[in-house]
Amino acid sequence: MKRKILIIGLGGIGEAHLKSIINYRNYQIEVCEKDLKKINILKSKYNTNNIKYITRLPKNKKYYLCIISTNPKERFGIAKAIIKCNNLRYILFEKFVFSKIHNYEKMANY
């Protein structure tokens, strides 16, 4: 059984994570990116059946790992939505988790 990995955000760091796990055959990768241009570029760069590209946050799915690689303004809302609507074993926040202390305090309650 392949473990599912979700990567949210395909900037430089998100792509670096994708490159590091793309060749492991025991993972199924979903990449969530709202910019269709970035998706098309990565589809041509990484032409494999191991990656599924989506433009909206998934709901009611089970992931072994979720990597959130977005900007700080979006990160809190994305983290809240992804934790609330999905079953995650591990979550990795890229960079600083939150830009404001009150967002950290809110997330501590999840």
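**Entry 1: Leu-65.** I looked up the contacts of Leu-65 and, leaving aside residues up to four places away in sequence, found that this residue touches Lys-4, Ile-5, Leu-6, Tyr-90, Ile-91 and Leu-92. I note that the model is a predicted one. I placed Leu-65 in strand β4.

Entry 2: I traced an open sheet of five strands, paired in parallel, in the order β3-β2-β1-β4-β5. I identified β3 (51-54) and β5 (87-93) as the edge strands, since each pairs on one side only. I recorded an average twist of 20 degrees from one strand to the next. As background, I recall that strands of a sheet pair through backbone hydrogen bonds.

**Entry 3: β1 and β2.** I found six bridges between strand β1 (residues 3-8) and strand β2 (residues 27-32), which run parallel. I checked Ile-8 and found its bridge partner in β2 to be Cys-32.

**Entry 4: helix α3.** I followed helix α3 (residues 72-85) and saw that it lies across β1, β4 (62-68) and β5, at about 165 degrees to β5.

**Entry 5: Glu-30.** I located Glu-30 in strand β2. Is Glu-30 buried or exposed? I class Glu-30 as buried because its relative accessible area is 3%, under the 20% limit. I found a polar contact of 3.0 Å between the side chains of Glu-30 and Lys-61. Not counting residues up to four places away in sequence, Glu-30 touches several residues, among them Lys-4, Ile-5, Lys-52, Lys-61 and Tyr-63.

Definitions and conventions. Residues are numbered from 1 along each chain as its sequence is written. This is a predicted model: local features need pLDDT of at least 70, side-chain atom pairs count only at pLDDT 80 or more; totals for chains, interfaces and linings use all residues. Side-chain values use heavy atoms; hydrogens and water are left out. Two strands pair if DSSP finds at least two bridges between them. Helices (H or I, at least four residues) and strands (E, at least two) are DSSP runs, numbered from the N terminus. Axes are lines fitted to C-alpha atoms, for helices over the stretch in contact, and angles run from 0 to 180 degrees between N-to-C directions. Contact means heavy atoms within 4.5 Å. Buried means under 20% relative accessible area, exposed over 50%, partly exposed in between (1.4 Å probe, protein chains only). A polar contact is a pair of N or O atoms within 3.5 Å; within protein, one must be able to donate a hydrogen and the other to accept it, and residues adjacent in sequence count only if both atoms are side-chain atoms.
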